[in-house]
Amino acid sequence: MLMLFCAPAVYAQQNPVKKGEKLEITADGSLEWHRNEKFFRATKNVRAQQGATVLTSALLTAHYTETKDEDMSIQQIEAEGGVVIESA
């Protein structure tokens, strides 16, 4: 399981996310951290949840920047393969 904090603009604008809500990413395949390139990649039955919003896909890539406090801030998420976004 990978937990990140995410900017509100990550998901569809119709369902805003509260700033500071954690983004939890799980996958049946691999979870890769490409530290030098500043992105994470998850494969096979990927599920990303932030608040009441859930994204599922076959592949997910999350690009991030590091803040001055050395935290990570997700700037962009790319999802491929059977992408579904649901919200409660």
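View 1. Ser 57 is found in strand S5, where strands are DSSP runs of E with at least two residues, helices are runs of H or I with at least four residues, and both are numbered from the N terminus. A polar atom of the Ser 57 side chain lies 3.0 Å from the backbone oxygen of Leu 59. When neighbours within four places in sequence are left aside, Ser 57 is in contact (heavy atoms within 4.5 Å) with Asn 45, Val 46, Ala 79, Glu 80, Gly 81, Gly 82 and Val 83. This and the following views show a predicted model, in which local features need pLDDT of at least 70 and side-chain atom pairs count only at pLDDT 80 or more, whereas totals for chains, interfaces and linings use all residues. Residues are numbered from 1 along each chain as its sequence is written, and side-chain values use heavy atoms, with hydrogens and water left out.

View 2. Tyr 64 has Ile 74 as its bridge partner in S6. Five residues lie between the two strands of this hairpin, and Glu 70, in the turn, has a positive phi of about 65°.

**View 3. The hairpin of strands S3 and S4.** Strand S3, residues 31–34, is paired with S4 in the antiparallel sense over four bridges, and His 34 stands opposite Phe 39 in S4. Four residues separate the strands of this hairpin, in which Lys 38 adopts a positive phi near 60°.

View 4. The structure holds two aromatic pairs, defined by ring centres within 6.5 Å for Phe, Tyr and Trp (its six-membered ring), with planes under 30 degrees apart counted as stacked, over 60 as edge-to-face and the rest as tilted. Trp 33 and Phe 40 form a stacked pair, with 5.7 Å centre to centre and 15° between the planes. The pair of Phe 40 and Tyr 64 is tilted, at 5.3 Å centre to centre and 35° between the planes, and it links distant parts of the chain, with Phe 40 in strand S4 and Tyr 64 in strand S5, 24 residues apart. Trp 33 counts as partly exposed because its relative accessibility is 42%, whereas Phe 40, with a relative accessible area of 6%, is buried.

**View 5. The largest nonpolar core.** This core has 12 residues, namely Leu 23, Ile 25, Phe 40, Ala 42, Val 46, Ala 48, Leu 55, Leu 60, Ala 62, Tyr 64, Ile 74 and Ile 77; a nonpolar core is a set of buried Ala, Val, Leu, Ile, Met, Phe, Trp, Tyr and Cys residues joined through side-chain atoms within 4.5 Å. Two or more residues of this core come from each of strand S2 (22–26), strand S4 (39–50), S5 and S6. In the protein chain, which has zero helices and seven strands, 27% of the 88 residues count as buried.

Conventions:
Pairing = 2+ DSSP bridges. Buried < 20%, exposed > 50% of the residue type's maximum accessible area, 1.4 Å probe, protein only. Polar contact = N/O pair within 3.5 Å; in protein donor to acceptor, adjacent residues only side chain to side chain.
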